[in-house]
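Me: I have a model open here and would like to go through it with you, piece by piece. Could you keep the answers careful and plain?

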Amino acid sequence: MTTTKYLDRAIPTISLADFDSRVDEITQQLCSAAEEVGFFCVTEHDIPLSSIDEAFTWSSRFFSLPDEVKTTVPFSNNAGWEKNAQIRPSTGAADRKESYQMQFGPNMDGKWLPDATLPNFQTSALKFMHQVQGVSEKLMTCFARGLGFDDDYFVRAHDVSRPESQTVCRLLHYFEVPSDSARAGEVWHRAGAHTDWDLLTLLFQKEGQSGLEICPGREVSTSFGYGDTWTKVEPSTNGAIICNIGDLLMSWSDDRFKSTFHRVKAPSEPGDFYGERYSIAFFNQPCHDAKIQGPKKKYPLVTGAEFTRNAMNMYYPKISEGKRQQREESSTDGPGKMDVGGGIVAGVGA
Ligand SMILES: O=C(O)CCC(=O)C(=O)O
Ligand SMILES: [Fe+2]
């Protein structure tokens, strides 16, 4: 087995305290973090730690439900539940996890469980999502300023009160990995290396549940290759939000801001975390009718709907190959590796 090469890279920590009076300073810090690493940590963001803890409690309540219940809200159109069904082009195999994607508007029709099944879940989830949207809007304001757009430019394009909204909050649950999996010759992908294809991702992790790693160095949003030297991003202990630039903001900034490859490593080396792992990712997706083009017009103008479709086309052939490969593997490994969620999960902003 090969040993992972690691490099300590500093992940900038940026405080949003006194946002209105410090907006220029924060803009400058965010823009340089986005230009250099593509990942940064946001503190003093006004979401209380208790709300984040509560969101994780709801998440574990949701995932503790029997699969027969969760399968009544199956994944389609970027909303709903899937299990072992997301295939990454970088690995060609399914991530061993389950996820539940929630949106703000009509895309969730039929995708919320009835209140009798999980009382107050929908209300609590939407409350948390609006809090995260609030932080996203501050970051969007700064990135708009940094690029010379008017302050509301990105906020308008990501208006979650419109039916055209595509923004997604994704609850994630990675399964425990058997500690002898490497010896048994098995590879348990948690989240294979990828970039997110949204504007900006806000990620909540749980203390002690490590595994997130980044690999900076991508120069243009149209390239797929990434290096082999990783940097660990440890979960925060104080409610800090880990944020990363997605492909959409990379192309919308004419490649000035970097959408960085990252993964949740399949544990295989001493010190890796093998236990079950929960995280929550909030993907800021453009409204269908948003018009996307950077200030220097490096890439042709596309709408939010077209951008998502182009991203799907770029990944889809590789995903299909992966699906075939997974089917072949499943036929020798037995039912443990079959999709429960069914179908290919793509176009999820990640
Ligand atoms: O679970 C994590 O920590 C990261 C998840 C992620 O990168 C994604 O879902 O796009
Ligand atoms: Fe991601």
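Me: To start with, what is the strand order in the open sheet of five strands?

Reply: The order is β1-β10-β9-β12-β7, and the pairing is mixed. At the edges are β1 (5–6) and β7 (191–194), each of which pairs on one side only. Strands here are DSSP runs of E with at least two residues, helices are runs of H or I with at least four, both numbered from the N terminus, and two strands pair if DSSP finds at least two bridges between them. This is a predicted model, in which local features need pLDDT of at least 70, side-chain atom pairs count only at pLDDT 80 or more, and totals for chains, interfaces and linings use all residues. Residues are numbered from 1 along each chain as its sequence is written, while chains are lettered from A and ligands numbered from 1 in the order in which they are written.

Me: In what sense do β9 and β10 pair?

Reply: Strand β9 (residues 212–215) and strand β10 (residues 229–232) are antiparallel and joined over two bridges, with I214 standing opposite T231 in β10.

Me: OK, confidence next. What is the average pLDDT of the protein chain?

Reply: The average is 86, and 87% of the residues score at least 70; pLDDT is the predictor's confidence in each residue, from 0 to 100. For the complex, the predictor gives an ipTM of 0.99 and a pTM of 0.89.

Me: And where does pLDDT stay under 50?

Reply: That happens over residues 316–350, for which the model has 63 contacts beyond four places in sequence. Two residues are in contact if their C-beta atoms, placed from the backbone, lie within 7 Å.

Me: How many helices and strands does the chain come to?

Reply: The protein chain has seven helices and 15 strands. Of its 350 residues, 41% count as buried, where buried means 20 or more other C-beta atoms within 10 Å of the residue's own, exposed means 12 or fewer, and partly exposed lies in between, with C-beta atoms placed from the backbone. Among the contacts with a separation of 6 or more, 77% join residues 24 or more positions apart.

Me: Which residues touch the most other members of the largest nonpolar core?

Reply: They are L30, F40, F143, I241, C243, L249 and I280, in a core of 69 residues. A nonpolar core is a set of buried Ala, Val, Leu, Ile, Met, Phe, Trp, Tyr and Cys residues joined through C-beta atoms within 7 Å. Helix α4 (residues 121–147) gives the largest share, nine residues. Leaving aside neighbours within four places in sequence, F143 is in contact with L30, F154 and L249.

Me: How far apart are the ends of α4?

Reply: The end C-alpha atoms of α4 are 38 Å apart, which agrees with the 39 Å that its 27 residues should span at 1.5 Å a residue; the expected span is 1.5 Å times one less than the number of residues. Just after α4, G148 takes a positive phi of about 85°.

Me: Switching to α2, which of its residues are buried?

Reply: In α2 (residues 49–64), the buried residues are I52, A55, S59, F62 and F63. They lie on the same side of α2, because they cover an arc of only 90° around the axis, the arc being that of the directions from the helix axis to the C-beta atoms. On the other side, L49, S50, D53, T57 and S64 are exposed.

Me: What covers the buried ones?

Reply: The cover includes β5 (97–102), α4, β6 (168–174), β8 (200–205) and β13 (277–284).

Me: Last topic: which way do the residues of β4 point?

Reply: From strand β4 (residues 80–83), G80 and E82 point one way and W81 and K83 the other way, and all are buried. β4 pairs with β5 in the antiparallel sense over four bridges, and Q101 is the bridge partner of G80 in β5.

Me: Where is N78 found?

Reply: N78 is in the loop between α3 (67–70) and β4. N78 has a positive phi of about 65° although it is not a glycine, and it is buried, with 22 other C-beta atoms within 10 Å.
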